[in-house]
Amino acid sequence: MVGARRAAGAVCDREPLRSLSHYAEPMSDAAGAGSAHPVDVDGVLLDIDGVIATSWRPLPGAADALEELERRGIPRAFLTSTTSRTRAEIVERLAAGGIAVDADEVLTAAVLTSEYLQATHPGARVWLINSGADLTEDMTGVAFDAADPELVVLGGAGAAFDHLTLSRVVELMLEGTPVVAMHRGVVWATEDGLRVDTGLYLPGLEEAGGEGITVVGKPSITAFLSAAEVVGVEPTRLLMVGDDLHSDVIAAQRAGLTGALVRTGKYREAVVDVSPDKPDRIIDSIGDLPALLGRS
């Protein structure tokens, strides 16, 4: 399990969010970005949504690629911002699609947040705001109290992020109550298209509340360092595979990992075109991962 020293190292990530217009439909090829010659790494870290599956339906080649990693003895883990399912539910849904993973391999935003809270705010009464799953089962040791919170945790955006709820968050911030976000993702991919996520709300809350919001999961460097501990290899020997150029790949590269962007999920060529930061590699899909690793 991830050490508390990693969780305690999380800092307030206030990097400006990219405009959602960057997620426009592809306009041109990603010039010069990410040739797919083999990488020299000892382990693999993978996003789930948009890389392994979309709306919990496995993407073509995902099961075969993961089986090949196992056959070669390459250690792996999954780092996901998904807040619509608990860790146990994620494992169950992937298994139903023919992808077998162990719960200990899955590092969710809720798990990271739980460890961070216990390391930095032990015993604090927490108001958890999340759209989707009841994440409390992944946050053992955290005391929940929506009526009289000492700390607010923002999970995934959706119906729970309504006007009155966010207004109360601002009021609490103005009273000095700290706010923690499970991740800074701006959008996620579904079968019906992109959906906006928590990261879209953070700048406005910070502006109205007059305080910064601590981000624990991706793109926090701490998230990638914690995941490296789970995989059991040094960050510089770890490959991160994701569909989000900024939160998955560039953030991982800043933490010392090698980054590979897949052309599935929320990938848009326009995002790569306009970004000054480029991925180390681009591959068409998770099915190309074994060839990227260059070992047999």
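Predicted model: local features only at pLDDT ≥ 70, side-chain atom pairs only at ≥ 80, totals over all residues.
Me: How many residues does α5 have, and how far does it reach?

Reply: Helix α5 covers residues 163-174, so count 12 residues. From first C-alpha to last, α5 reaches 17 Å, close to the 16 Å expected. At its start, a side-chain oxygen of Asp-162 comes to within 3.1 Å of the backbone nitrogen of Leu-164.

Me: Which residues of α5 are buried?

Reply: Here's the general idea: an α-helix has 3.6 residues a turn, so residues three or four places apart point the same way. In α5, the buried ones are Thr-165, Leu-166, Val-169, Val-170, Leu-172 and Met-173. Looking down the axis of α5, they fall within an arc of 165°, so they line one face of the helix. The face turned away from that side carries the exposed His-163, Leu-164, Glu-171 and Leu-174.

Me: What do the buried residues of α5 pack against?

Reply: Their partners are β6 (125-129), β8 (151-154), β9 (179-181) and α6 (202-209).

Me: Now the open sheet: what is its strand order?

Reply: Six strands run β5-β4-β1-β13-β14-β15, with parallel pairing. The edge strands, β5 (106-108) and β15 (281-283), each pair on one side only. From one strand to the next, the twist averages 25°.

Me: How many bridges join β13 to β14?

Reply: Four bridges join these parallel strands. In one example, Leu-239 has Thr-258 in β14 as its bridge partner.

Me: Which strands does helix α4 lie across?

Reply: Helix α4 (residues 109-120) lies across β4 and β5, at about 65° to β5.

Terms used
Residues numbered from 1 in each chain as written. Heavy atoms only, no water. Helix = DSSP H or I, 4+ residues; strand = E, 2+ residues; numbered from the N terminus. Expected span 1.5 Å × (residues − 1). Buried < 20%, exposed > 50% of the residue type's maximum accessible area, 1.4 Å probe, protein only. Arc of directions from axis to C-beta. Contact = heavy atoms within 4.5 Å. Polar contact = N/O pair within 3.5 Å; in protein donor to acceptor, adjacent residues only side chain to side chain. Pairing = 2+ DSSP bridges. Axes fitted to C-alpha atoms, helices over the stretch in contact; angles between N-to-C directions.
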